Amino acid sequence: MYIRIEDACKLRKLTLKDLSKLSGISVRSLEWYVKQERQPSLKRVERLAEVLEVTPAWLVSWE
């Protein structure tokens, strides 16, 4: 699964640090997701999608 965190952040002009503050997910976890070292849970995908104003399907490249 490829997660488009960086793409969504660029669209919203956010840094990973900004996203961390808004989502409550640590910067380190976000870095792991970006580097594809770990996969986020569905709950985290939904939270990130909400904060980034995208669909969960778009965020994980399902659409």
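Helices (H or I, at least four residues) and strands (E, at least two) are DSSP runs, numbered from the N terminus. The structure is a predicted model, in which local features need pLDDT of at least 70 and side-chain atom pairs count only at pLDDT 80 or more, while totals for chains, interfaces and linings use all residues. Residues are numbered from 1 along each chain as its sequence is written, and side-chain values use heavy atoms, with hydrogens and water left out.

**Exercise 1. Locate leucine 14, and state how accessible leucine 14 is and what it touches.**

Step one is the place: leucine 14 sits in the loop between H1 and H2. Step two is the accessibility, for which buried means under 20% relative accessible area, exposed over 50%, and partly exposed in between (1.4 Å probe, protein chains only). Because its relative accessibility is 22%, leucine 14 counts as partly exposed. Step three is contact, which means heavy atoms within 4.5 Å. When its neighbours within four places in sequence are left aside, leucine 14 is in contact with Cys9, Leu22 and Leu52. For a separation in space, take lysine 43, which is 29 residues from leucine 14 in sequence and lies 21 Å from it, C-alpha to C-alpha.

**Exercise 2. Describe how helices H2 and H4 are arranged, and name residues that meet between them.**

Two packed helices are described by the angle between their axes and the distance between the axes. Axes are lines fitted to C-alpha atoms, for helices over the stretch in contact, and angles run from 0 to 180 degrees between N-to-C directions. The axes of H2 (residues 16-23) and H4 (residues 42-52) come within 10 Å and cross at roughly 110°. To put a word to this angle, use the classes: under 35 degrees is roughly parallel, over 145 roughly antiparallel, 65 to 115 roughly perpendicular, and the rest oblique. H2 and H4 are therefore roughly perpendicular to each other. On the H2 side the meeting residues are Leu19, Leu22 and Ser23, and on the H4 side they are Arg47, Leu48, Val51 and Leu52.

**Exercise 3. Find the salt bridges in the structure and say where their partners lie.**

A salt bridge is a side-chain nitrogen of Lys or Arg within 4 Å of a carboxyl oxygen of Asp or Glu. A search of the whole structure finds three salt bridges.

- One joins the side chains of arginine 12 and glutamate 53 at 3.8 Å, N to O. Since arginine 12 lies in helix H1 and glutamate 53 in the loop between H4 and H5, the pair ties together parts that are 41 residues apart in sequence. Arginine 12 is partly exposed at 34%, whereas glutamate 53 is exposed at 60%. Glutamate 53 also has a positive phi near 60°, although this residue is not a glycine.
- Another links glutamate 31 with arginine 28, where the closest N and O atoms are 3.2 Å apart. These two residues are three apart in helix H3, and so are separated by about one helical turn. Glutamate 31 is partly exposed at 27%, and arginine 28 is partly exposed at 39%.
- Another brings together arginine 47 and glutamate 50 at 3.4 Å, N to O. Because they are three residues apart in helix H4, about one helical turn separates them. Arginine 47 is partly exposed at 29%, while glutamate 50 is exposed at 56%.

**Exercise 4. Examine the charged residue arginine 4 and work out what its side chain meets.**

Begin with the place, which is the segment before helix H1 (5-12). For charge, Lys and Arg count as positive and Asp and Glu as negative, while His and the chain ends are not counted. Arginine 4 is buried but has no salt bridge, and aspartate 7, the nearest side chain of opposite charge, is 4.3 Å away. A polar atom of the side chain of arginine 4 does, however, lie 3.0 Å from the backbone oxygen of tryptophan 58.

**Exercise 5. Follow helix H3 through its buried residues to the residue that comes after it.**

The buried residues in H3 are Ser29, Leu30, Trp32, Tyr33 and Val34. Their cover includes H1, H2 and H4. Serine 29, for its part, has a relative accessible area of 10%. Glutamine 36 follows H3 and has a positive phi near 60°. This glutamine 36 lies in the loop between H3 and H4 and, at 48% relative accessibility, counts as partly exposed.

Technical notes: A polar contact is a pair of N or O atoms within 3.5 Å; within protein, one must be able to donate a hydrogen and the other to accept it, and residues adjacent in sequence count only if both atoms are side-chain atoms.
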